[in-house]
Amino acid sequence: MKSIIEKYGHKRITVVEGGMTRHRSIFNGLKIFPESKLSSCPLQKPEVVIIHDAVRPFVEEDTLLKVVLAAKEHGAAGAIRPLVSTVVASSADGSLDHSLERSRYRASEMPQAFLFDIIYQAYHQCTDYDLDYGTECLHLALKYCKTNAKLIEGSPDLWKVTYKWDLYAAESVIKDTLSQQVCVTTDMKEDAVQLGFLLQETLKNEVKVHLNVSENMSFSNGMEELAWIKEFAREVKKKNILVYGLLIHYNKDDPKLQETINSAAAIISALIKDRNPELIGQLLVA
């Protein structure tokens, strides 16, 4: 965790040692605020605390805002989703005992938000059994602080990354939601404008095209002059930016110009979709 924080330059993060269970880890995180007054830790007790888990990485900002505002009003709030399967209870011999009416129940998800004093008090009062076997923070607020949480309908992207195959689904979601932009860099302003326009038209607004006119580099001195692309790609990859080179032969009088543009657009779409790190710094030709 500390290496990730250092790699991406996060400044407002305090790492707290986790516990043996979910609730004990959360309690450790909550205790850092009151205890910070007795140490050199400069943290201030918040009005509202958000509890979330890393296995739901696609939470939307709007969902966070809704649960925080609801927690301020009601003391506690949490995201929910409709059940996709019927829940049944089995008897001791493995037979069906009863089933729940699915329309009346919801799946409790994350994020959840609480007034700090409520959730902190709930954890201080709960039993060791709660800490070792419990999984629902909203239930602790209800059980020990008589706080009825407001339930907020969450987005479909709140599903848990639990199994190996979920990683492939998560990767697909990331690729679909990442910014789809292309920057056209050229040493000729007129060509850049026209080329950018043609690419945008061909890509049918699926990809946003930016134009960058540089007077400090020339693209007309041969392929050996473009070696800087590899070095540049290596540097920016450290910041999770993937740079690919695409050489487009542009001649507005060329009768096959649209064919070249179509080829360039297809390559751009494939690069953005796949985001293959093995191709960074490579010069492709349309």
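Colleague: Which residues lie nearest the centre of the second largest pocket?

Modeller: T14, V16, G29, I50 and H52. They are among the 26 residues that line the second largest pocket. A pocket here is an open set of points on a 1 Å grid over the protein atoms alone, where a 1.4 Å probe fits, with protein on both sides within 12 Å along at least five of seven lines; lining residues have an atom within 4 Å of a point.

Colleague: Before we go on, what sort of model is this?

Modeller: A predicted one: local features need pLDDT of at least 70, side-chain atom pairs count only at pLDDT 80 or more, and totals for chains, interfaces and linings use all residues. Residues are numbered from 1 along each chain as its sequence is written, and side-chain values use heavy atoms, with hydrogens and water left out.

Colleague: Back to that pocket. What volume does the second largest pocket have?

Modeller: About 1,100 Å³. That is the space filled by probe spheres set on the grid points, with points joined across faces, edges and corners.

Colleague: Which elements give two or more residues to its lining?

Modeller: α2 and β1. The largest share of the lining, 7 residues, is from α2. Helices (H or I, at least four residues) and strands (E, at least two) are DSSP runs, numbered from the N terminus.

Colleague: How do the lining residues divide into nonpolar, polar and charged?

Modeller: 15 nonpolar, 5 polar and 6 charged. Ala, Val, Leu, Ile, Met, Phe, Trp, Tyr, Cys and Pro count as nonpolar, Asp, Glu, Lys and Arg as charged, and the others, Gly among them, as polar.

Colleague: New topic. Which residues touch the most other members of the largest nonpolar core?

Modeller: L30, I51, F114, I119, Y123 and C137, out of 23 residues in that core. At least two core residues each come from α2 (22-35), β1 (48-51), β5 (106-115), α4 (116-125) and α6 (137-145). A nonpolar core is a set of buried Ala, Val, Leu, Ile, Met, Phe, Trp, Tyr and Cys residues joined through side-chain atoms within 4.5 Å. Buried means under 20% relative accessible area, exposed over 50%, partly exposed in between (1.4 Å probe, protein chains only).

Colleague: And what is C137 in contact with, leaving aside neighbours within four places in sequence?

Modeller: R22, H23, I26, I51, M110, Q112, F114, I119 and Y123. Contact means heavy atoms within 4.5 Å. There is also a second, separate core of 10 residues, including L195, Y250, I261 and I272.

Colleague: Now charges. How many salt bridges does the count come to?

Modeller: 10 salt bridges. The rule is a side-chain nitrogen of Lys or Arg within 4 Å of a carboxyl oxygen of Asp or Glu. One of them pairs R24 with D128, at 3.5 Å from N to O. R24 is in helix α2 and D128 in helix α5 (residues 128-133), so this pair ties together parts 104 residues apart in sequence.

Colleague: R24 and D128: buried or exposed?

Modeller: R24 is partly exposed at 25% relative accessible area. D128 is exposed at 53%.

Colleague: What does K45 pair with?

Modeller: D117, at 3.0 Å from N to O. K45 is in the loop between α2 and β1, D117 is in helix α4, and the two are 72 residues apart. K45 is partly exposed at 43%, and D117 is partly exposed at 46%.

Colleague: Which residues are linked in a network of salt bridges?

Modeller: R22, D53, R56 and E109.

Colleague: Backbone next. Where is the cis peptide bond?

Modeller: Between M110 and P111, with omega about 10°. P111 is in strand β5.

Colleague: And what is the phi of K146?

Modeller: Positive, about 55°, although K146 is not a glycine. Most residues other than glycine have a negative phi, and most peptide bonds are trans. K146 is in the loop between α6 and β6 (150-153). K146 is exposed, at 68% relative accessible area.
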